[in-house]
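Hi,

Here is the structure I promised to pass on. My notes follow below it.

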Amino acid sequence: CARRPSEGSPFLPGVTRGGPGGAVPELCGECRQSGQYGVVVKVLYVAPYVSDAFSRRHDGSGPVSLGGQRKVELICRALAESGHEVMVLSSAVPGRHRLRWRGRQEEEIACGTHRIPVRYPGVLEFSPIGGLINIARARGLVEAIERRYRPDVLWLYNGGAFEYRATRAGGGRGGCPVILQIEDLPRARRREWGNVKPLLDARVWPEVVATASAFTVVNPRMREGLPKEKPVLLLPGVIDGRLITLSGTRRRPFQGRRRLMGYFGGLTEAKGVSVLGDMLEHLPEPWDVVVCGSGPLAPYFQDLQKATRGRLRFEGVVSPEALYELMCSCDCLFVPEERVSGGEGGVFPFKVFEYVVAGGHVIAPALAGSDEIGIGFLQRWNGSAEDLIACLMRSERDFSAESRERESAKAFIRSTFGLRGVASALNDLLQTI
């Protein structure tokens, strides 16, 4: 009991889908109606995941990448709603500098109506030594889970040194197959001086790729360099049904007396968000700005909120419901220019698809692979504060002119990367391995 490839599938061309002639068996009527498979697949998902509740219990030691956190949760939900079992092993290490050992902890997270178990291994909260210790322990951590949970598939969020060591316990010994979820390549993001992680990740990357049975990528260009005979699924993001619902009832942009531009994401220099501070000095009327997120620059935006007397509103970290409501209240949504090293296939921010579905006018720089997936028209900003202001000044005119392209992109994203579309695609992927 499985399924045939469906029309409009996000599988990239030129890959084998499994089964005779590339097809896979069809679902029975009962499973088609319920969205579940006759055979339950048990997935061990290794990811740098930290829940909001866990972060609050540990002095806010959560990840800067809130988009990555939401994507992990939504993939877990898509798998669970198809009847599969998922367990998450967190590879996250707090970016702190204190000699304190945090013992192993476990919790369950709510993904829709499903409860997903998460294991946080014990870790030394002293960066980068704590991370190096966990890399050395990764194989043993996975083997301990394998003995009790007995996963059918090892799912890896990116393919770094920790994940490489995890494969030595799984697919590397001829055990369960490995799906490699590629969010960015080892040296795509620029790191601070002295950070050895990209060097370790780059060194083991070829072996992780060779071990993997299938891949997901965030843009089509990442297909280059991957084995042509292995399945590759395009998965830039997963759209929460709550956002789709709110976007359907939102007020049309540019109808109020004031205008609101929003940024929702990590607050680091590498994310490129400091340009907002430069732009605020010359922010034209009637524009205001709202910022949500976490990271080292959070105090900077708190100070900006005071200095601008309300022209900038800093919300910090909010619930998914509040986040989607804020997105759908914005006339414009801003994608900053990340500090990305050349020649690494680029990255694709998860927020871009959310912005399109939210229905506002999107201001973005060059985005790797955006033309191939029909959102090239969003690339309108050259990276400077001056041009960002110019984009705001012509935003209402551009929004009206791009109506056809925007609605086409929104429909494609909702159908292909909504929970139901992603669940179907993940089922197809699981059947190929």
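Which residue lies over the face of Tyr-149? Lys-42 does, at 4.7 Å from the ring centre; a charge sits over a ring if NZ of Lys or CZ of Arg is within 6 Å of the ring centre and within 35 degrees of the ring normal. Likewise, Arg-406 lies over the face of Phe-399, at 3.6 Å from the ring centre.

A word on the source: this is a predicted model, with pLDDT of at least 70 needed for local features and 80 or more for side-chain atom pairs, while totals for chains, interfaces and linings use all residues. Residues are numbered from 1 along each chain as its sequence is written, and side-chain values use heavy atoms, leaving out hydrogens and water.

Now the aromatic rings. Rings of Phe, Tyr and Trp (its six-membered ring) pair if their centres lie within 6.5 Å, and the count comes to 11 aromatic pairs. One of them joins Tyr-300 and Phe-301 edge-to-face (planes over 60 degrees apart), at 5.3 Å centre to centre and 75° between the planes. Tyr-300 is partly exposed because its relative accessibility is 32%, whereas Phe-301, at 0%, counts as buried (buried means under 20% relative accessible area, exposed over 50%, partly exposed in between, with a 1.4 Å probe and protein chains only).

Phe-334 and Trp-381 are also edge-to-face, at 5.0 Å and 70°. Phe-334 lies in strand β14 and Trp-381 in the loop between β15 and α12, so this pair ties together parts 47 residues apart in sequence (strands are DSSP runs of E, at least two residues, and helices of H or I, at least four, numbered from the N terminus). Both residues are buried.

Finally, Phe-399 also belongs to an aromatic cluster with Phe-254 and Trp-287.

Best wishes

How values were computed
Rings of Phe, Tyr and Trp (its six-membered ring) pair if their centres lie within 6.5 Å; planes under 30 degrees apart count as stacked, over 60 as edge-to-face and the rest as tilted.
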